[in-house]
Amino acid sequence: MSRLFLARVQGPVSGNVLLRREQYRRADDLVFSAMIAKEFVMGKIANCRSVLLRALRDHQGKVDTDDLENAASRLTTSLKRLQGDLVLDEIRGIEGDAAHVYFGVLDHLLVRGKDSFFMRQRSRRPPLDRMNCLLSFLYTLLMHDVRSALESVGLDPAVGYLHRDRPGRPGLALDLMEEFRPMIDRLAISLVNLGQLKEKDFNISESGAVRMTDTARKTVLVSYQNRKQDERAHPFLEEKMKIGLFFYAQALLLSRLFRGELDGYPPAIWK
């Protein structure tokens, strides 16, 4: 049975026009855009590095230690390269290099189901293997949550800094979710390692596109919602809160930057 989009319920846009006008003005400033884009990328790479280091701690003897340590070291180098004055293309280049290193060893984090959930590189639209399919679904859930958080504080999700304006693309939502992607990666790896998702939960079409079954999607949705209920201390606000509230907290910090209440944007870097 085909599925049709029926409706979206949305209340009045919150915030004030002055906040959004400042957001738009800042987006036209390429120096400011590079500065804030660098923070988004720094948060992402630091959190990717934490994912690899945690795997080394949690699965010692079960993972390829040399490859993971080498990848973590290269990500440290990427973080150092982000220091100083950089233009947007340079920042995107560093982010791309780091992503290549990170996804090149993500398979090593699997301690079961390696043959079924191998992933040599990131693929989208359509995903060409089971892990890419799982990640794309989880990233979509994350994007909707981040977009809602931005709207709730009065920011326009469409006008980004790392992700520049493109019709139909929620640029700022994609910017803000960068630092949360590694959290999603860990959830995906856990679902496979704990045996909650298996080879039979995915269908492969003749074209090679991979889709999850309805049962698998329900499993992932429940796990995602449960993960958002976990609590941890916010690294900047120094308050313990549910992970699901981190999206709102980061959106709020971003709005405070545009109001002139902060000198810079502090990404949420996980330990």
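**Helix α2 and its neighbours**

So, let's start here: α2 passes α9 in a right-handed crossing, meaning the near helix is turned clockwise from the far one by less than a right angle. Quick caveat: this is a predicted model, where local features need pLDDT of at least 70, side-chain atom pairs count only at pLDDT 80 or more, and totals for chains, interfaces and linings use all residues. Residues are numbered from 1 along each chain as its sequence is written, and side-chain values use heavy atoms, leaving out hydrogens and water.

Helices here are DSSP runs of H or I, at least four residues, numbered from the N terminus. α2 and α9, residues 243-258, have axes 14 Å apart and an angle of about 160°; axes are lines fitted to C-alpha atoms over the stretch in contact, with angles from 0 to 180 degrees between N-to-C directions. They're therefore roughly antiparallel, the label for anything over 145 degrees. F32, I36 and F40 of α2 touch L254, L257 and F258 of α9, contact being heavy atoms within 4.5 Å. That's six nonpolar residues, no polar and no charged, with Phe, Leu and Ile among those counted as nonpolar.

Now α7. Its axis and that of α2 come within 8 Å and cross at roughly 25°, so these two are roughly parallel, which takes an angle under 35 degrees. On the α2 side we've got K44, N47, C48, V51 and R54, meeting R181, P182 and R186 in α7. By class, that's three nonpolar, one polar and four charged, where Asp, Glu, Lys and Arg count as charged.

Terms used:
Angles under 35 degrees count as roughly parallel, over 145 as roughly antiparallel, 65 to 115 as roughly perpendicular and the rest as oblique.
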